[in-house]
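User: I would like to learn how to read the pockets, helix contacts and backbone details of a model. Please take me through them in turn.

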Amino acid sequence: MPGEIIHLTKRQELKEYIKTHPAVIIKFTATWCGPCQSIKSHVKEYFDQIKEHFDMVIVDADEGSDICSFCKVRGFPTLYSYINKEMVASTIGADLDDLFTFFSSSFNKLKSS
């Protein structure tokens with residue numbers, strides 16, 4: 001059932017999760033990252049609006065460095081959206097307009113797939 005929020009640390013776990021869940025938001029974050037902390041409540045708010053359709057994977061930069069390396073994450077915060085195993089949207093940074101666009105675009109692409 002969509003709406004699940006889990007924390008992963010290994011690339012194989014992430015690969016399997018994306019294969020078995022049709023719509024996934026991946027949030028790459030870090031406890032030491034000021035911008036990550038500043039958007040935390042906004043990410044939760046936007047995810048709550050679409051959680052009937054998406055699951056969320058949270059990857060901590062320190063604990064999930066294997067996944068960050070595998071996904072070629074270049075900065076924090078970073079969000080990726082996967083629909084049917086394909087990445088359909090991404091955003092890097094803490095710009096609230098970009099964050100809103102990311103969630104809107106992800107939802108719209110799911111509805112049109």
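Analyst: In this predicted model, β1 (5-7), β2 (23-29), α2 (34-50) and β3 (55-60) each supply at least two residues of the lining of the largest pocket. Helices (H or I, at least four residues) and strands (E, at least two) are DSSP runs numbered from the N terminus. A pocket is an open set of 1 Å grid points, over the protein atoms alone, where a 1.4 Å probe fits, with protein on both sides within 12 Å along at least five of seven lines; lining residues have an atom within 4 Å of a point.

User: Which element gives the largest share of that lining, and which residues are closest to the centre of the pocket?

Analyst: Helix α2 does, with six residues. The pocket holds about 280 Å³ of space, the volume filled by probe spheres set on the points. Its lining has 15 residues, and His7, Lys27, Thr29, Lys40 and Ile58 are the closest to its centre. By class, the lining comprises seven nonpolar residues, four polar and four charged.

User: How do the axes of α2 and α4 cross?

Analyst: Axes are lines fitted to C-alpha atoms over the stretch in contact, with angles of 0 to 180 degrees between N-to-C directions. Those of α2 and α4 (residues 96-112) come within 11 Å and cross at roughly 20 degrees. The two helices are therefore roughly parallel, a label for angles under 35 degrees. From α2, Ile39, His42, Val43, Tyr46, Phe47 and Ile50 make the contact (heavy atoms within 4.5 Å). Their partners on α4 are Leu96, Leu99, Phe100, Phe103 and Phe107. This contact has 10 nonpolar residues, one polar and no charged; Ala, Val, Leu, Ile, Met, Phe, Trp, Tyr, Cys and Pro count as nonpolar, Asp, Glu, Lys and Arg as charged, and the others, Gly among them, as polar.

User: Where is the cis peptide bond?

Analyst: It joins Phe76 and Pro77, with omega about -5 degrees. Pro77 is in the loop between α3 (65-70) and β4 (78-83). Lys72 also lies in the loop between α3 and β4; its phi is near 55 degrees, a positive value in a residue other than glycine.

Note on methods: Residues are numbered from 1 along each chain as its sequence is written. This is a predicted model: local features need pLDDT of at least 70, side-chain atom pairs count only at pLDDT 80 or more; totals for chains, interfaces and linings use all residues. Side-chain values use heavy atoms; hydrogens and water are left out. Angles under 35 degrees count as roughly parallel, over 145 as roughly antiparallel, 65 to 115 as roughly perpendicular and the rest as oblique.
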